[in-house]
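Try each task before you read its solution.

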There are 2 protein chains.
Amino acid sequence: MKPTIRDVAKMAGVSISTVSRVMNAPDTVVESKRSRVIEAIEELKYQPNAFARGLIYRKSFTLGLLIPDIENLYFAGVIRGMQDACIKLGYSLMICNTDRDKERTLSYMDTFHEKQVDGVVFASDILHPEYYEKLIGCRIPFVLVSSHSDEYEVASVEVDDEQAAYDAVKFLIELGHQEIGMIGFNHDNSVSGPPRMAGFVRALSESGLERNIGKIKYANHRFEHAYQATHELFTEYPELTAVFCVADEFAMGTISYLKDRNILVPGQVSVIGFDNLRMSGMFIPKLTTIAQPIYQLGYRAAEKLHELLTTGKVAVMKEKMEHKLIVRESSREK
Amino acid sequence: MKPTIRDVAKMAGVSISTVSRVMNAPDTVVESKRSRVIEAIEELKYQPNAFARGLIYRKSFTLGLLIPDIENLYFAGVIRGMQDACIKLGYSLMICNTDRDKERTLSYMDTFHEKQVDGVVFASDILHPEYYEKLIGCRIPFVLVSSHSDEYEVASVEVDDEQAAYDAVKFLIELGHQEIGMIGFNHDNSVSGPPRMAGFVRALSESGLERNIGKIKYANHRFEHAYQATHELFTEYPELTAVFCVADEFAMGTISYLKDRNILVPGQVSVIGFDNLRMSGMFIPKLTTIAQPIYQLGYRAAEKLHELLTTGKVAVMKEKMEHKLIVRESSREK
C-alpha cells in the first residue's frame with residue numbers, strides 16, 4: 001500500500017500538521033524535526049506527487065522550454081541540444097509550443113509555475129514586458145535562446161545576426177553579384193529580423209551597391225510565403241542575380257519558385273540561406289547557407305540556465321556563438 | 001502576501017492537519033469540512049503548486065505527449081494537431097522527446113506522474129510491456145497515436161499502414177512499372193515497418209511481380225540513411241524503375257542520391273513517399289506520396305484521451321483514419 005502522510009508523521013514522531021508544514025512552509029519547522037520528516041519521506045518512499053521531491057531537494061529537476069513554432073525545423077535542433085544537456089545535467093525537459101500567441105505563452109508560464117519547473121528557456125520570440133513580469137512574478141529563473149533583451153538584464157545566447165547576414169551578403173558580392181535582393185522576416189516583433197536586415201544593408205553600402213537596399217520582400221515563417229515573396233521580388237526586380245534569404249526554409253521556397261519559372265539555381269540566380277537546417281544538405285540544389293550552431297545553442301542555453309539555478313548568476317550575460325559560411329550548390333560566381 | 005495553509009485552516013475553521021488531509025487524502029475528511037477547506041482555498045486563491053488545483057478539481061488539466069524523435073517533421077504535425085485539440089478542450093500540453101530510449105521513456109513517464117498530468121498520448125513507438133506496466137502502475141490513462149497494441153487493450157488512432165503501402169505500390173504498378181524496389185524502416189520494433197512491407201508484398205504478389213519482393217533496403221530515420229540505402233539498392237538492382245519509400249524523408253534521400261548519380265526523377269525512376277510532410281510539396285521534384293492525416297491524427301488522439309478521461313472509456317478502441325494518394329512530380333508512367 002502506498003504510504004500516506006500519516007505514516008510519515010508516525011515514523012518521524014511528529015504530528016501530521018508538522019509534516020504538512022515541512023511540505024508547505026519548511027522554514028517554519030525546526031531543523032531537527034524537518035530532517036526527521038524528510039528522512040521518513042525518503043524511507044517510506046512517500047511520493048504524493050512532484051511536491052515531496054521538490055520540497056526535499058527544493059528542486060523539481062525539470063526545465064521548461066517555450067518555443068514559438070514546433071513545425072520550424074530550427075527548433076527541432078535547439079530542442080535536441082537542450083535535451084542532451086538536460087540529460088547530462090539530470091533534468092527532465094518539458095516543451096510547450098506557443099505559436100507566438102501571447103495569451104498561450106502566458107498560460108504556459110503559469111503551467112510551468114504550477115508544475116514547479118526549476119527554470120525556463122524562452123526561445124526566439126521577443127521578451128514582451130508581460131512575459132518578463134510574469135516570469136519574475138512567478139520567481140522562475142529563465143534564459144533566452146536565439147533571442148536577447150535590450151530592456152531587461154536577462155541571460156541570453158544567440159549568434160551575431162547582423163554580422164552573419166553581413167557575411168552572407170558579402171559572400172554574394174565577392175562572387176561578383178551586383179544585383180542582390182533579400183527575402184526577410186515579416187512577423188511582428190521579430191528579434192532577428194532587424195539585425196539581419198542591417199547586415200544586408202551594411203554589406204551593400206560598403207561595396208557601393210546601395211541601389212539594392214530596397215530590394216526586399218518579406219515572408220512569414222513558411223516556405224510557401226517565401227515562394228510568394230520571391231514572385232513579388234522578381235516581378236519587381238527581374239535583374240536580380242542573387243538572393244539572400246534570412247532562413248533556409250525561405251531559401252527552399254525561393255529556389256522552388258525559381259525552378260517553377262525555369263530560372264536555374266545557381267546557373268542564373270545564386271541563393272544563400274541562413275540556419276543550416278539538417279534539410280539544407282538534402283535539398284536540390286544543396287543550400288549554401290550561414291550555419292548557426294543550432295544544437296549547441298540549445299545545449300548552451302540549458303547549461304546557462306543550470307548555471308543560473310545553481311549559482312544564482314551567469315558569467316556571461318549576452319553570449320554570442322560563432323556562425324559559419326557553408327558553401328554548397330545553390331551559389332555560383334557571377 | 002501569499003496565503004499559507006494556516007490561512008486556509010483559519011478561514012475554514014479547521015486544523016492545519018485537516019487541510020493537509022484534504023490535500024493528501026481527501027476521502028478521509030467528511031464532506032462538510034472538505035467543502036469548507038476547498039472554499040477557503042478558492043477564496044484565498046491559495047496555490048502552493050499544481051497540487052491544490054489538482055485536488056480541488058481532481059485534474060491538472062495537462063496532457064503529456066511522448067514522441068520518439070523531435071527532429072522528425074512527422075511529429076511536428078502531430079503535435080500541432082494535438083495542441084489545437086488541447087486548446088479547444090482546455091488542456092495544456094507538455095511534450096517530451098524520448099529518442100526511443102527505453103530508460104528515458106520510463107523516466108519521462110515518472111515525470112508525467114509526478115507532475116500529475118491527467119493523461120498521456122504515446123506516439124509511434126511500440127508499447128513495450130515495461131511502458132504498459134509503468135503507465136498502468138502510475139494509473140495514468142493513455143492512448144496511442146500512429147501506433148497500436150496487439151497485446152493490450154489500449155485505445156489507438158493511426159492509418160491502415162498495410163493498405164496505404166499497398167495503394168502506393170499498386171499506383172506504381174498501374175503506371176506500368178515492373179521493376180520496383182523499396183526503402184523500408186530499419187529501426188528495431190518498428191510499429192509501421194512490418195505492415196508497410198506487407199502492403200508492398202501484397203501489391204506485387206497480386207500483379208505477378210513476386211520477383212521484386214526481396215528488393216528492399218532498410219534505412220534508419222534520416223534522409224542520409226535512405227541515401228545510403230538507395231545506393232545499395234541500385235548497386236544490387238540497377239534495373240529498378242520505381243521505388244516505394246516508407247517515409248517522405250526517405251523519398252527525399254532517395255531522390256537526392258539519384259540526382260547525384262544523374263538519374264532523372266521521374267524521367268528514369270519514379271519515387272513515391274509516405275506521410276505527406278509539409279516539406280513534400282517544396283522538394284524538387286515535388287513528392288508523390290501517401291498522405292497521412294498527420295494533423296488530424298494528433299487532434300483525434302487528444303480528443304480520444306479526453307473521451308477516456310471524462311467517460312472512462314472510448315467508443316472506438318482501434319481507430320483507423322483515412323490515407324490518400326497525392327500525385328505530384330516524382331512519379332511518371334513507365
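Two strands pair if DSSP finds at least two bridges between them. Helices (H or I, at least four residues) and strands (E, at least two) are DSSP runs, numbered from the N terminus. This is a predicted model: local features need pLDDT of at least 70, side-chain atom pairs count only at pLDDT 80 or more, and totals for chains, interfaces and linings use all residues. Residues are numbered from 1 along each chain as its sequence is written, chains are lettered from A and ligands numbered from 1 in the order in which they are written, and side-chain values use heavy atoms, with hydrogens and water left out.

**Exercise 1.** Find the bridge partner of Ala123(B) in β4(B).

*Solution.* 
1. Take strand β3 (residues 119-123) of chain B; β3(B) and β4(B) pair in the parallel sense over 4 bridges.
2. Ala123(B) has Val145(B) as its bridge partner.

**Exercise 2.** Are the residues on the two faces of strand β4 (residues 142-145) of chain B buried or exposed?

*Solution.* 
1. Buried means under 20% relative accessible area, exposed over 50%, partly exposed in between (1.4 Å probe, protein chains only).
2. In a regular strand, side chains alternate between the two faces of the sheet.
3. Phe142(B) and Leu144(B) lie on one side, Val143(B) and Val145(B) on the other, and all are buried.

**Exercise 3.** Which strands stand at the edges of the open sheet in chain A?

*Solution.* 
1. Write the order of the 6 strands: β7-β6-β8-β9-β10-β12 (chain A), with mixed pairing.
2. β7 (216-219) and β12 (324-326) of chain A each have a single partner strand, so one side of each lacks a neighbour in the sheet.
3. Check β7(A): 4 bridges join it in parallel to strand β6 (residues 180-185) of chain A. Ile183(A) stands opposite Lys217(A) there.
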